Amino acid sequence: MPNKPQESTWRSPIVLADILAARKRIGAKVLRTPLVQSSYLSQASGQPVWLKLEQQQRTGSFKLRGASNAVACLPEEAKARGVVGVSTGNHGRGLAHAASAAGVACSICMSSLVPANKVAAIREEGADVRIVGRSQDEAQVEVDRLVAEQGMTMLPPFDHPDIIAGQGTLGLEIMEQLPQAGTFVIQLSGGGLISGMAVALRAINPTARIIGVSMERGAAMYESQRMGKPTRVEEMETLADSLGGGIGSDNRYTFGIVRELVDEIVLVDEAEIATGIAHAYWQERQIVEGAGAVTMAALLAGKINVTEPTVLLLSGANIDLDLHHRIITDHRPGSSAEGNQA
Ligand SMILES: *Cc1c(COP(=O)(O)O)cnc(C)c1O
């Protein structure tokens with residue numbers, strides 16, 4: 001990464017002790033998801049490749065970890081006034097579930113670009129859902145109003161120490177399940193996920209190689225790192241809709257952690273993401289959303305150099321099932337779309 005300051009001057013704002021404390025708080029509230037070896041990807045890479053099946057987490061994504069930790073960390077008077085979030089879907093769902101499990105009121109504000117299946121899922125978690133505008137920024141205005149007028153606490157999707165520490169519990173889990181793992185391929189959007197995981201992984205294995213994967217269409221953190229400061233990119237429709245959105249011009253935590261701890265950022269295009277979703281289904285028997293599939297997409301596209309035992313994270317499952325059906329049908333093994341028609 002460019003613009004890297006001297007190593008000795010940088011101290012991570014989140015440390016292993018924060019992540020161990022998070023695990024104590026949320027251990028009973030989240031599932032310990034399976035880590036399984038992929039025989040197909042291991043054979044194709046010549047090294048053992050493992051999949052962390054976090055898309056099987058309650059609420060269909062890892063976001064439940066950070067949200068549960070952040071809610072548990074609130075003082076009692078804040079819990080009594082409730083929490084509010086702005087979300088493209090999975091953070092909203094995780095936060096709604098975490099709040100309801102803790103008996104805390106929850107409002108979720110989102111833009112009209114969020115897929116209907118995700119909106120319905122959040123309503124089912126018992127949250128008060130508000131659809132405002134066509135971007136996360138417009139939905140944020142409603143959040144600010146609820147905070148100012150009703151004293152609710154805003155819990156953001158990634159740039160918050162308790163959220164980052166909660167996501168970091170995934171790193172602890174993987175190191176317990178596979179101590180010999182050396183390379184970790186992780187989704188990257190706002191960077192809460194990869195920041196928490198990188199802190200845990202590097203604390204346990206100082207030579208851990210950490211690779212972030214974003215989609216080409218709207219890779220805000222990639223562009224921000226390239227420019228050396230938080231940078232806006234145009235929001236575009238993508239199969240990896242859970243990776244959409246900016247990193248915030250006032251980013252306090254994740255920009256710096258990604259700059260220091262992430263070795264490489266890889267981008268995948270829409271066709272590669274579709275191939276990843278189809279691979280997950282036909283070869284691994286997993287239903288994975290676009291964002292969850294970008295790690296497999298990057299490997300299958302030859303964009304990851306696999307030189308040691310490698311873990312690919314599958315981060316979410318919340319895809320519209322009609323869309324999923326179309327993608328796997330178009331990419332059925334042996335069909336002409338795969339180019340190996342009999
Ligand atoms: C939020 C999300 C990500 C990205 O997490 P960040 O902390 O924003 O980098 C990846 N995959 C899924 C399924 C998500 O919901």
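Biologist: How many cavities of 30 Å³ or more does a search of the whole structure find?

Modeller: One. Keep in mind that this is a predicted model.

Biologist: What volume does the largest cavity have?

Modeller: About 40 Å³.

Biologist: And which residues line the largest cavity?

Modeller: The lining is made of Leu188, Ser189, Ser214, Met215, Gly218, Ala219, Ala220, Met221, Leu243 and Gly245. By class, that lining has six nonpolar and four polar residues, with no charged ones.

Biologist: Which elements supply at least two residues of that lining?

Modeller: Strand E8 (209-215) and helix H10 (220-227) each do.

Biologist: How does the lining of the largest pocket divide by class?

Modeller: There are 25 polar, 14 nonpolar and nine charged residues in the lining of that pocket.

Biologist: Now the ligand. Which space does the ligand take?

Modeller: The ligand takes the space of the largest pocket.

Biologist: How many residues surround the ligand, and which are the closest?

Modeller: 17 residues surround the ligand, and Lys63, Asn90, Gly191, Leu193 and Ser315 are the closest. By class, this shell has nine polar, six nonpolar and two charged residues.

Biologist: What does the side chain of lysine 63 do there?

Modeller: An N or O atom in the side chain of Lys63 is 2.7 Å from an oxygen atom of the ligand.

Biologist: What about glycine 191, backbone or side chain?

Modeller: Backbone. A polar backbone atom of Gly191 is 2.8 Å from an oxygen atom of the ligand.

Biologist: And which ligand atom does serine 315 lie 2.7 Å from?

Modeller: A nitrogen atom of the ligand; the Ser315 atom is a polar side-chain one.

Biologist: How much of the ligand's accessible area does the protein cover?

Modeller: On its own the ligand has 390 Å² of accessible area, and the protein covers 97% of that.

Notes. Residues are numbered from 1 along each chain as its sequence is written. This is a predicted model: local features need pLDDT of at least 70, side-chain atom pairs count only at pLDDT 80 or more; totals for chains, interfaces and linings use all residues. Side-chain values use heavy atoms; hydrogens and water are left out. A residue is near a molecule or strand if one of its heavy atoms lies within 4 Å of it. A polar contact is a pair of N or O atoms within 3.5 Å; within protein, one must be able to donate a hydrogen and the other to accept it, and residues adjacent in sequence count only if both atoms are side-chain atoms. Accessible areas come from the Shrake-Rupley method with a 1.4 Å probe; for residues, only the protein chains shown count as cover. On a 1 Å grid over the protein atoms alone, a cavity is a set of points where a 1.4 Å probe fits but cannot get out, and a pocket is an open set with protein on both sides within 12 Å along at least five of seven lines; lining residues have an atom within 4 Å of a point. A molecule sits in a cavity or pocket if more than half of its atoms lie within 2 Å of its grid points. Ala, Val, Leu, Ile, Met, Phe, Trp, Tyr, Cys and Pro count as nonpolar, Asp, Glu, Lys and Arg as charged, and the others, Gly among them, as polar. Grid points are joined across faces, edges and corners, and a volume is the space filled by probe spheres set on the points. Helices (H or I, at least four residues) and strands (E, at least two) are DSSP runs, numbered from the N terminus.
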